[in-house]
Amino acid sequence: MSETIKRTILITGGAGFIGSNFIHFLLKEYPDSLRIINLDALTYAGNLENLQDIQDNPHHIFVHGSIEDKDLISKLCTDYAIEGIINFAAESHVDRSIADAKPFIDTNINGTLSLLTIAKNYRLQKFVQVSTDEVYGSLSSNPEDKFTEDTPLSPNSPYSAAKASADCFVRAFHHTYGMHTVITRCSNNYGPMQFPEKLIPLMILHAQSDKQLPVYGNGLQIRDWIHVMDHCKGVWMAYQYGKSGEVYNFGGNSEYANIDVVKLVLNLLDKPESLISYVKDRPGHDQRYAIDASKALTELGWQPTITFKDGLKQTVEWYISHPEWCSHIVNGEYLEYYKKQYQQ
Ligand code: NAD
Ligand code: DAU
(Lines give C-alpha, C1' and ligand atoms only; values in the text may rest on other atoms or scores of the structure.)
(Ligands and ions follow the chains in the order given, each with its own letter.)
Protein backbone atom coordinates (compact mmCIF):
# COMPACT_ATOMS: atom_id res chain seq x y z
CA MET A 1 0.00 0.00 0.00
CA SER A 2 1.30 3.47 -0.81
CA GLU A 3 2.56 5.45 2.21
CA THR A 4 -0.21 8.02 1.98
CA ILE A 5 -3.18 5.63 1.89
CA LYS A 6 -4.68 5.38 5.35
CA ARG A 7 -8.01 3.67 4.77
CA THR A 8 -9.42 0.87 2.61
CA ILE A 9 -13.17 0.54 2.10
CA LEU A 10 -15.05 -2.35 0.49
CA ILE A 11 -17.68 -1.05 -1.89
CA THR A 12 -20.04 -3.61 -3.38
CA GLY A 13 -21.97 -3.18 -6.62
CA GLY A 14 -19.49 -0.58 -7.80
CA ALA A 15 -19.94 -1.42 -11.49
CA GLY A 16 -23.61 -0.45 -11.33
CA PHE A 17 -25.22 2.95 -11.70
CA ILE A 18 -24.97 4.44 -8.21
CA GLY A 19 -21.94 2.44 -7.07
CA SER A 20 -19.82 3.57 -10.03
CA ASN A 21 -20.84 7.21 -9.57
CA PHE A 22 -19.97 6.83 -5.87
CA ILE A 23 -16.50 5.46 -6.63
CA HIS A 24 -15.80 8.31 -9.04
CA PHE A 25 -16.94 10.75 -6.38
CA LEU A 26 -14.68 9.25 -3.69
CA LEU A 27 -11.59 9.05 -5.92
CA LYS A 28 -12.05 12.70 -6.85
CA GLU A 29 -12.56 13.81 -3.25
CA TYR A 30 -9.76 11.64 -1.83
CA PRO A 31 -7.23 11.08 -4.63
CA ASP A 32 -4.49 9.91 -2.25
CA SER A 33 -5.85 8.84 1.09
CA LEU A 34 -8.51 6.24 0.27
CA ARG A 35 -8.27 2.83 -1.35
CA ILE A 36 -11.41 1.24 -2.74
CA ILE A 37 -11.99 -2.46 -3.20
CA ASN A 38 -14.90 -2.79 -5.61
CA LEU A 39 -16.66 -6.16 -5.42
CA ASP A 40 -19.19 -6.70 -8.20
CA ALA A 41 -20.71 -9.82 -9.76
CA LEU A 42 -21.14 -8.09 -13.15
CA THR A 43 -24.76 -9.08 -13.63
CA TYR A 44 -26.61 -7.60 -16.60
CA ALA A 45 -26.61 -4.29 -14.67
CA GLY A 46 -22.89 -4.26 -13.90
CA ASN A 47 -20.81 -2.55 -16.55
CA LEU A 48 -17.03 -2.23 -16.56
CA GLU A 49 -17.37 0.65 -19.02
CA ASN A 50 -18.65 2.66 -16.04
CA LEU A 51 -15.16 2.27 -14.56
CA GLN A 52 -13.08 2.59 -17.73
CA ASP A 53 -11.40 5.87 -16.81
CA ILE A 54 -10.29 4.56 -13.40
CA GLN A 55 -9.22 1.06 -14.40
CA ASP A 56 -5.54 1.96 -14.00
CA ASN A 57 -6.00 3.98 -10.83
CA PRO A 58 -4.00 2.14 -8.13
CA HIS A 59 -6.48 3.29 -5.49
CA HIS A 60 -9.33 1.36 -7.12
CA ILE A 61 -9.15 -2.43 -7.16
CA PHE A 62 -11.91 -4.25 -9.00
CA VAL A 63 -12.80 -7.77 -7.84
CA HIS A 64 -15.21 -9.87 -9.87
CA GLY A 65 -17.34 -11.87 -7.44
CA SER A 66 -20.56 -12.13 -5.50
CA ILE A 67 -21.53 -10.71 -2.11
CA GLU A 68 -22.92 -14.17 -1.39
CA ASP A 69 -19.37 -15.58 -1.41
CA LYS A 70 -18.27 -15.50 2.24
CA ASP A 71 -14.83 -17.00 1.55
CA LEU A 72 -14.09 -14.28 -0.96
CA ILE A 73 -15.30 -11.50 1.35
CA SER A 74 -13.16 -12.93 4.20
CA LYS A 75 -10.13 -13.03 1.92
CA LEU A 76 -10.68 -9.41 0.91
CA CYS A 77 -10.91 -8.39 4.58
CA THR A 78 -7.64 -10.17 5.34
CA ASP A 79 -5.72 -9.15 2.22
CA TYR A 80 -6.68 -5.50 2.27
CA ALA A 81 -7.32 -4.68 5.95
CA ILE A 82 -10.80 -3.42 5.15
CA GLU A 83 -12.04 -0.62 7.43
CA GLY A 84 -15.71 -0.86 6.53
CA ILE A 85 -18.30 -1.88 3.93
CA ILE A 86 -20.74 0.17 1.90
CA ASN A 87 -23.21 -2.22 0.27
CA PHE A 88 -24.67 -1.00 -3.02
CA ALA A 89 -24.86 -4.46 -4.60
CA ALA A 90 -28.41 -5.51 -5.36
CA GLU A 91 -30.91 -6.64 -7.88
CA SER A 92 -32.54 -3.23 -8.25
CA HIS A 93 -35.35 -3.32 -10.81
CA VAL A 94 -38.95 -3.69 -9.62
CA ASP A 95 -40.23 -5.06 -12.94
CA ARG A 96 -37.64 -7.84 -12.98
CA SER A 97 -38.59 -8.74 -9.40
CA ILE A 98 -42.21 -9.12 -10.47
CA ALA A 99 -41.12 -11.53 -13.21
CA ASP A 100 -38.82 -13.57 -10.91
CA ALA A 101 -38.12 -12.83 -7.23
CA LYS A 102 -35.44 -15.50 -6.72
CA PRO A 103 -32.32 -13.45 -7.68
CA PHE A 104 -33.62 -10.71 -5.36
CA ILE A 105 -33.67 -13.11 -2.41
CA ASP A 106 -30.22 -14.44 -3.32
CA THR A 107 -28.46 -11.11 -3.62
CA ASN A 108 -30.49 -8.61 -1.63
CA ILE A 109 -31.13 -10.86 1.38
CA ASN A 110 -28.57 -13.68 1.37
CA GLY A 111 -25.81 -11.48 -0.04
CA THR A 112 -26.38 -8.81 2.60
CA LEU A 113 -26.40 -11.49 5.31
CA SER A 114 -23.03 -12.80 4.08
CA LEU A 115 -21.53 -9.33 4.19
CA LEU A 116 -22.93 -8.69 7.67
CA THR A 117 -21.58 -12.02 8.95
CA ILE A 118 -18.05 -11.35 7.70
CA ALA A 119 -18.16 -7.72 8.88
CA LYS A 120 -19.03 -9.04 12.34
CA ASN A 121 -16.35 -11.76 12.30
CA TYR A 122 -13.67 -9.29 11.23
CA ARG A 123 -14.95 -6.59 13.60
CA LEU A 124 -15.07 -4.04 10.80
CA GLN A 125 -15.56 -0.49 11.99
CA LYS A 126 -18.59 0.38 9.90
CA PHE A 127 -21.30 -1.15 7.72
CA VAL A 128 -23.54 1.02 5.55
CA GLN A 129 -26.53 -0.58 3.85
CA VAL A 130 -27.74 1.39 0.83
CA SER A 131 -31.47 0.81 0.98
CA THR A 132 -34.47 2.42 -0.64
CA ASP A 133 -37.56 4.45 0.17
CA GLU A 134 -39.60 1.67 -1.46
CA VAL A 135 -39.42 -0.30 1.81
CA TYR A 136 -41.99 2.18 3.20
CA GLY A 137 -44.61 1.31 0.58
CA SER A 138 -46.76 3.95 -1.08
CA LEU A 139 -48.03 7.38 0.07
CA SER A 140 -51.40 9.11 -0.22
CA SER A 141 -51.75 12.10 -2.54
CA ASN A 142 -51.72 14.51 0.44
CA PRO A 143 -48.57 16.63 -0.17
CA GLU A 144 -47.96 16.75 3.61
CA ASP A 145 -47.62 12.98 3.64
CA LYS A 146 -43.91 12.00 3.39
CA PHE A 147 -41.74 9.05 4.36
CA THR A 148 -39.82 9.64 7.59
CA GLU A 149 -37.41 7.18 9.18
CA ASP A 150 -40.26 6.21 11.54
CA THR A 151 -42.67 5.28 8.76
CA PRO A 152 -43.42 1.56 9.22
CA LEU A 153 -41.93 -0.83 6.68
CA SER A 154 -44.61 -1.80 4.18
CA PRO A 155 -42.95 -3.15 1.03
CA ASN A 156 -45.24 -3.82 -1.92
CA SER A 157 -43.03 -5.44 -4.56
CA PRO A 158 -40.75 -8.49 -4.37
CA TYR A 159 -37.82 -6.05 -4.83
CA SER A 160 -38.79 -3.85 -1.89
CA ALA A 161 -39.71 -6.90 0.23
CA ALA A 162 -36.15 -8.21 -0.26
CA LYS A 163 -34.63 -4.81 0.52
CA ALA A 164 -36.81 -4.46 3.65
CA SER A 165 -35.75 -7.92 4.75
CA ALA A 166 -32.08 -6.97 4.35
CA ASP A 167 -32.72 -3.81 6.40
CA CYS A 168 -34.16 -5.99 9.17
CA PHE A 169 -30.98 -8.11 9.21
CA VAL A 170 -28.83 -4.98 9.39
CA ARG A 171 -30.91 -3.76 12.32
CA ALA A 172 -30.66 -7.18 13.99
CA PHE A 173 -26.85 -7.28 13.65
CA HIS A 174 -26.63 -3.88 15.31
CA HIS A 175 -29.01 -4.86 18.08
CA THR A 176 -27.66 -8.36 18.72
CA TYR A 177 -23.92 -7.97 18.13
CA GLY A 178 -23.47 -4.24 18.71
CA MET A 179 -22.19 -3.74 15.16
CA HIS A 180 -21.83 -0.18 13.89
CA THR A 181 -24.45 -0.14 11.14
CA VAL A 182 -26.19 2.65 9.24
CA ILE A 183 -29.05 2.27 6.76
CA THR A 184 -29.72 4.87 4.08
CA ARG A 185 -33.06 5.06 2.26
CA CYS A 186 -33.15 7.15 -0.86
CA SER A 187 -35.76 8.08 -3.43
CA ASN A 188 -35.47 7.64 -7.23
CA ASN A 189 -32.01 8.42 -8.61
CA TYR A 190 -31.20 9.68 -12.08
CA GLY A 191 -27.96 10.73 -13.76
CA PRO A 192 -25.12 9.39 -15.91
CA MET A 193 -24.53 5.65 -16.36
CA GLN A 194 -28.00 4.47 -15.32
CA PHE A 195 -29.04 1.24 -17.01
CA PRO A 196 -31.79 2.00 -19.55
CA GLU A 197 -34.41 -0.30 -18.04
CA LYS A 198 -35.23 2.49 -15.58
CA LEU A 199 -37.67 5.27 -16.49
CA ILE A 200 -35.43 8.22 -17.35
CA PRO A 201 -32.66 6.57 -19.41
CA LEU A 202 -35.21 4.34 -21.15
CA MET A 203 -37.20 7.39 -22.22
CA ILE A 204 -34.07 9.29 -23.32
CA LEU A 205 -32.86 6.42 -25.53
CA HIS A 206 -36.31 5.81 -27.02
CA ALA A 207 -36.94 9.48 -27.73
CA GLN A 208 -33.52 9.84 -29.35
CA SER A 209 -34.33 7.08 -31.81
CA ASP A 210 -38.01 8.03 -32.30
CA LYS A 211 -39.28 4.86 -30.63
CA GLN A 212 -42.51 4.74 -28.58
CA LEU A 213 -42.16 5.85 -24.95
CA PRO A 214 -44.03 3.25 -22.81
CA VAL A 215 -45.82 4.93 -19.90
CA TYR A 216 -47.37 2.52 -17.38
CA GLY A 217 -51.09 2.96 -16.62
CA ASN A 218 -52.20 6.60 -16.57
CA GLY A 219 -48.67 7.96 -15.93
CA LEU A 220 -49.84 9.83 -12.83
CA GLN A 221 -47.66 7.94 -10.33
CA ILE A 222 -45.31 10.26 -8.49
CA ARG A 223 -41.62 9.81 -7.72
CA ASP A 224 -39.26 12.12 -5.79
CA TRP A 225 -36.26 12.47 -8.13
CA ILE A 226 -32.75 12.97 -6.81
CA HIS A 227 -29.53 13.40 -8.79
CA VAL A 228 -27.19 10.47 -8.18
CA MET A 229 -24.38 12.76 -7.02
CA ASP A 230 -26.56 14.17 -4.22
CA HIS A 231 -27.29 10.58 -3.16
CA CYS A 232 -23.58 9.67 -3.27
CA LYS A 233 -22.71 12.60 -1.01
CA GLY A 234 -25.40 11.50 1.43
CA VAL A 235 -24.12 7.92 1.57
CA TRP A 236 -20.60 9.15 2.25
CA MET A 237 -21.83 11.46 5.02
CA ALA A 238 -23.76 8.54 6.50
CA TYR A 239 -20.59 6.42 6.43
CA GLN A 240 -18.55 9.14 8.09
CA TYR A 241 -20.98 10.75 10.53
CA GLY A 242 -24.05 8.48 10.75
CA LYS A 243 -24.90 7.30 14.24
CA SER A 244 -24.71 3.57 14.76
CA GLY A 245 -28.03 1.78 14.43
CA GLU A 246 -29.68 4.74 12.70
CA VAL A 247 -31.56 5.13 9.43
CA TYR A 248 -31.23 8.23 7.20
CA ASN A 249 -33.63 9.15 4.41
CA PHE A 250 -32.41 11.06 1.34
CA GLY A 251 -34.67 12.66 -1.25
CA GLY A 252 -34.57 15.32 -3.92
CA ASN A 253 -37.55 17.50 -2.92
CA SER A 254 -38.59 17.02 -6.56
CA GLU A 255 -41.89 15.27 -6.90
CA TYR A 256 -43.01 14.72 -10.49
CA ALA A 257 -45.68 12.56 -12.09
CA ASN A 258 -44.13 10.08 -14.53
CA ILE A 259 -45.94 11.61 -17.48
CA ASP A 260 -44.45 15.03 -16.69
CA VAL A 261 -40.94 13.54 -16.51
CA VAL A 262 -41.50 11.94 -19.91
CA LYS A 263 -42.72 15.23 -21.38
CA LEU A 264 -39.66 17.05 -19.98
CA VAL A 265 -37.38 14.49 -21.64
CA LEU A 266 -39.20 14.90 -24.97
CA ASN A 267 -38.93 18.65 -24.67
CA LEU A 268 -35.18 18.55 -23.97
CA LEU A 269 -34.69 16.37 -27.06
CA ASP A 270 -37.10 18.43 -29.15
CA LYS A 271 -39.26 15.38 -29.87
CA PRO A 272 -43.09 15.24 -30.21
CA GLU A 273 -45.45 14.04 -27.47
CA SER A 274 -47.02 11.75 -30.05
CA LEU A 275 -44.20 9.32 -29.20
CA ILE A 276 -45.87 8.66 -25.82
CA SER A 277 -47.62 5.30 -25.63
CA TYR A 278 -49.73 4.32 -22.59
CA VAL A 279 -49.14 0.63 -21.84
CA LYS A 280 -50.38 -1.95 -19.33
CA ASP A 281 -49.74 -0.86 -15.74
CA ARG A 282 -47.11 -2.43 -13.47
CA PRO A 283 -48.84 -4.91 -11.10
CA GLY A 284 -49.03 -3.48 -7.56
CA HIS A 285 -47.69 -0.15 -8.83
CA ASP A 286 -46.86 2.20 -5.93
CA GLN A 287 -48.69 5.48 -6.43
CA ARG A 288 -46.43 8.02 -4.72
CA TYR A 289 -43.05 8.32 -3.02
CA ALA A 290 -41.83 11.46 -1.24
CA ILE A 291 -39.08 11.88 1.30
CA ASP A 292 -38.77 13.90 4.47
CA ALA A 293 -34.97 14.24 4.72
CA SER A 294 -34.92 16.58 7.72
CA LYS A 295 -33.05 14.05 9.89
CA ALA A 296 -30.20 13.91 7.34
CA LEU A 297 -30.04 17.71 7.39
CA THR A 298 -30.01 17.95 11.19
CA GLU A 299 -27.67 15.06 11.95
CA LEU A 300 -25.43 14.87 8.86
CA GLY A 301 -25.67 18.40 7.45
CA TRP A 302 -26.87 16.88 4.15
CA GLN A 303 -29.31 18.34 1.65
CA PRO A 304 -29.77 17.95 -2.10
CA THR A 305 -28.13 20.64 -4.23
CA ILE A 306 -29.02 19.79 -7.84
CA THR A 307 -32.43 20.88 -9.13
CA PHE A 308 -34.34 18.33 -11.19
CA LYS A 309 -34.49 20.58 -14.25
CA ASP A 310 -30.70 21.20 -14.26
CA GLY A 311 -29.91 17.59 -13.44
CA LEU A 312 -32.23 16.21 -16.10
CA LYS A 313 -30.75 18.51 -18.77
CA GLN A 314 -27.24 17.43 -17.77
CA THR A 315 -28.32 13.76 -17.83
CA VAL A 316 -29.85 14.02 -21.30
CA GLU A 317 -26.62 15.67 -22.48
CA TRP A 318 -24.59 12.82 -20.96
CA TYR A 319 -26.56 10.18 -22.88
CA ILE A 320 -26.30 12.19 -26.11
CA SER A 321 -22.54 12.50 -25.71
CA HIS A 322 -21.97 8.79 -24.91
CA PRO A 323 -23.41 6.92 -27.91
CA GLU A 324 -20.93 4.06 -27.54
CA TRP A 325 -21.85 3.41 -23.92
CA CYS A 326 -25.51 3.34 -24.99
CA SER A 327 -25.02 1.08 -28.01
CA HIS A 328 -22.99 -1.44 -25.99
CA ILE A 329 -25.72 -1.65 -23.35
CA VAL A 330 -28.52 -2.20 -25.80
CA ASN A 331 -27.34 -5.73 -26.55
CA GLY A 332 -29.01 -9.15 -26.80
CA GLU A 333 -29.96 -9.58 -23.12
CA TYR A 334 -31.44 -6.12 -22.95
CA LEU A 335 -33.44 -6.54 -26.13
CA GLU A 336 -34.78 -9.87 -24.92
CA TYR A 337 -35.79 -8.34 -21.56
CA TYR A 338 -37.41 -5.43 -23.33
CA LYS A 339 -39.46 -7.68 -25.61
CA LYS A 340 -40.72 -9.77 -22.67
CA GLN A 341 -41.48 -6.80 -20.41
CA TYR A 342 -43.38 -4.69 -22.88
CA GLN A 343 -45.19 -7.28 -24.96
CA GLN A 344 -48.91 -6.61 -24.55
P1 NAD B 1 -27.82 -1.27 -10.44
O2 NAD B 1 -28.75 -2.37 -10.76
O3 NAD B 1 -27.48 -0.26 -11.47
O4 NAD B 1 -26.42 -1.89 -9.95
C5 NAD B 1 -26.35 -2.99 -9.08
C6 NAD B 1 -24.90 -3.52 -9.13
O7 NAD B 1 -24.83 -4.61 -8.21
C8 NAD B 1 -24.49 -4.07 -10.51
O9 NAD B 1 -23.20 -3.61 -10.83
C10 NAD B 1 -24.50 -5.58 -10.32
O11 NAD B 1 -23.56 -6.26 -11.13
C12 NAD B 1 -24.14 -5.69 -8.84
N13 NAD B 1 -24.57 -6.95 -8.25
C14 NAD B 1 -25.78 -7.56 -8.37
N15 NAD B 1 -25.78 -8.71 -7.68
C16 NAD B 1 -24.57 -8.83 -7.09
C17 NAD B 1 -23.97 -9.80 -6.24
N18 NAD B 1 -24.61 -10.89 -5.85
N19 NAD B 1 -22.71 -9.57 -5.80
C20 NAD B 1 -22.02 -8.47 -6.20
N21 NAD B 1 -22.53 -7.53 -7.02
C22 NAD B 1 -23.79 -7.72 -7.45
O23 NAD B 1 -28.41 -0.59 -9.14
P24 NAD B 1 -28.34 0.93 -8.66
O25 NAD B 1 -29.47 1.67 -9.22
O26 NAD B 1 -26.96 1.43 -8.82
O27 NAD B 1 -28.64 0.73 -7.09
C28 NAD B 1 -27.58 0.52 -6.18
C29 NAD B 1 -28.17 0.35 -4.79
O30 NAD B 1 -28.92 1.50 -4.44
C31 NAD B 1 -29.14 -0.83 -4.67
O32 NAD B 1 -28.93 -1.44 -3.44
C33 NAD B 1 -30.51 -0.19 -4.72
O34 NAD B 1 -31.45 -0.95 -4.00
C35 NAD B 1 -30.24 1.14 -4.06
N36 NAD B 1 -31.11 2.26 -4.47
C37 NAD B 1 -31.28 2.55 -5.79
C38 NAD B 1 -32.05 3.66 -6.15
C39 NAD B 1 -32.26 4.04 -7.60
O40 NAD B 1 -33.08 4.92 -7.87
N41 NAD B 1 -31.55 3.46 -8.55
C42 NAD B 1 -32.66 4.43 -5.15
C43 NAD B 1 -32.46 4.09 -3.82
C44 NAD B 1 -31.68 3.00 -3.49
O1 DAU C 1 -37.52 4.81 -5.03
C2 DAU C 1 -36.26 4.22 -5.15
C3 DAU C 1 -36.31 3.14 -6.20
O4 DAU C 1 -36.43 3.80 -7.46
C5 DAU C 1 -35.09 2.23 -6.19
O6 DAU C 1 -35.06 1.52 -4.97
C7 DAU C 1 -35.14 1.25 -7.36
O8 DAU C 1 -33.93 0.49 -7.40
C9 DAU C 1 -35.26 2.05 -8.65
O10 DAU C 1 -35.37 1.17 -9.74
C11 DAU C 1 -36.48 2.98 -8.59
O12 DAU C 1 -37.70 2.20 -8.59
P13 DAU C 1 -38.96 2.61 -9.50
O14 DAU C 1 -39.77 1.40 -9.72
O15 DAU C 1 -39.64 3.82 -8.96
O16 DAU C 1 -38.15 3.07 -10.84
P17 DAU C 1 -38.44 2.84 -12.39
O18 DAU C 1 -37.45 3.70 -13.12
O19 DAU C 1 -38.53 1.41 -12.74
O20 DAU C 1 -39.87 3.48 -12.58
C21 DAU C 1 -40.14 4.83 -12.22
C22 DAU C 1 -41.60 5.07 -12.48
O23 DAU C 1 -41.84 5.05 -13.90
C24 DAU C 1 -42.53 4.03 -11.90
O25 DAU C 1 -43.72 4.65 -11.44
C26 DAU C 1 -42.84 3.09 -13.07
C27 DAU C 1 -42.80 4.05 -14.26
N28 DAU C 1 -42.35 3.46 -15.55
C29 DAU C 1 -41.17 2.78 -15.56
C30 DAU C 1 -40.71 2.20 -16.71
C31 DAU C 1 -39.42 1.45 -16.74
C32 DAU C 1 -43.09 3.63 -16.70
O33 DAU C 1 -44.15 4.29 -16.69
N34 DAU C 1 -42.64 3.08 -17.86
C35 DAU C 1 -41.49 2.35 -17.92
O36 DAU C 1 -41.14 1.85 -19.01
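A crossing of two helices is called right-handed if the near helix is turned clockwise from the far one by less than a right angle, and left-handed if anticlockwise. In this predicted model, the crossing of helix 4 and helix 5 is right-handed.

**Helix packing**

Helix 4 spans residues 102-121 and packs against helix 5 at an angle of about 15°, the two axes lying 8 Å apart. Because angles under 35 degrees count as roughly parallel, helix 4 is roughly parallel to helix 5.

**Surroundings of ligand 1**

Ligand 1 is surrounded by 28 residues, and the closest are Ile18, Asp40, Ser92, Tyr159 and Lys163. By class, this shell comprises 13 nonpolar, 13 polar and two charged residues. Polar contacts between ligand 1 and backbone atoms include those in the following table.

| Residue (polar backbone atom) | Atom of ligand 1 | Distance |
|---|---|---|
| Phe17 | oxygen | 3.1 Å |
| Ile67 | nitrogen | 2.9 Å |

Taken alone, ligand 1 exposes 840 Å², of which the protein buries 96%. Two or more residues of the shell come from each of helix 1 (17-29), strand 5 (126-132) and helix 5 (158-177). Strand 5 contributes the most, with three residues.

Methods:
Residues are numbered from 1 along each chain as its sequence is written. Chains are lettered from A and ligands numbered from 1 in the order in which they are written. This is a predicted model: local features need pLDDT of at least 70, side-chain atom pairs count only at pLDDT 80 or more; totals for chains, interfaces and linings use all residues. Side-chain values use heavy atoms; hydrogens and water are left out. A residue is near a molecule or strand if one of its heavy atoms lies within 4 Å of it. A polar contact is a pair of N or O atoms within 3.5 Å; within protein, one must be able to donate a hydrogen and the other to accept it, and residues adjacent in sequence count only if both atoms are side-chain atoms. Accessible areas come from the Shrake-Rupley method with a 1.4 Å probe; for residues, only the protein chains shown count as cover. Helices (H or I, at least four residues) and strands (E, at least two) are DSSP runs, numbered from the N terminus. Ala, Val, Leu, Ile, Met, Phe, Trp, Tyr, Cys and Pro count as nonpolar, Asp, Glu, Lys and Arg as charged, and the others, Gly among them, as polar. Axes are lines fitted to C-alpha atoms, for helices over the stretch in contact, and angles run from 0 to 180 degrees between N-to-C directions. Angles under 35 degrees count as roughly parallel, over 145 as roughly antiparallel, 65 to 115 as roughly perpendicular and the rest as oblique.
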